[in-house]
Amino acid sequence: MTKKLLLIDCYSVLERSFYGLPDLTNSKGIHTGAVYGFLNLFFKYLHNEKPDYVIAAFGDSKAFSCEDKYPESFCSQIDILKDI
């Protein structure tokens with residue numbers, strides 16, 4: 001029997017969500033739009049593809065220098081997503 005694997009590049013999906021959605025914040029003023037978009041896409045793939053396994057990878061954090069390329073409102077959401 002064939003098994004299906006869903007592999008997610010978290011940095012890529014988070015960046016896509018950050019630039020594709022409005023700048024959403026929660027009641028405490030914390031930026032959450034990219035996390036919201038990431039989770040929407042994640043659950044959409046789970047529902048549509050019905051994978052047997054899921055791997056969500058952030059890659060090499062040493063090679064990814066967030067502060068040099070992205071605004072703080074994006075970088076702060078990486079830790080939020082990693083905590084989920």
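Visitor: What should I know before reading the values?
Guide: Residues are numbered from 1 along each chain as its sequence is written, and side-chain values use heavy atoms, leaving out hydrogens and water. In this predicted model, local features need pLDDT of at least 70 and side-chain atom pairs count only at pLDDT 80 or more, while totals for chains, interfaces and linings use all residues.

Visitor: Is Ser 17 buried or exposed?
Guide: Buried means under 20% relative accessible area, exposed over 50%, partly exposed in between (1.4 Å probe, protein chains only). Ser 17 has a relative accessible area of 7%, so it is buried. Ser 17 lies in helix α1, residues 10–20; helices (H or I, at least four residues) and strands (E, at least two) are DSSP runs numbered from the N terminus.

Visitor: Which residues is Ser 17 in contact with, leaving aside its neighbours within four places in sequence?
Guide: Contact means heavy atoms within 4.5 Å. For Ser 17 the residues are Ala 34, Gly 37 and Phe 38. Its side chain also reaches the backbone nitrogen of Phe 38 at 3.2 Å.

Visitor: How many residues does helix α4 have, and what span is expected?
Guide: The expected span is 1.5 Å times one less than the number of residues. Helix α4 (residues 72–83) has 12 residues and reaches 18 Å from first C-alpha to last, close to the expected 16 Å.

Visitor: Which residues of α4 are buried?
Guide: They are Ser 73, Phe 74, Cys 75, Gln 77, Ile 78 and Leu 81. These buried residues pack against α1, α2 (33–49) and α3 (66–69).

Key: A polar contact is a pair of N or O atoms within 3.5 Å; within protein, one must be able to donate a hydrogen and the other to accept it, and residues adjacent in sequence count only if both atoms are side-chain atoms.
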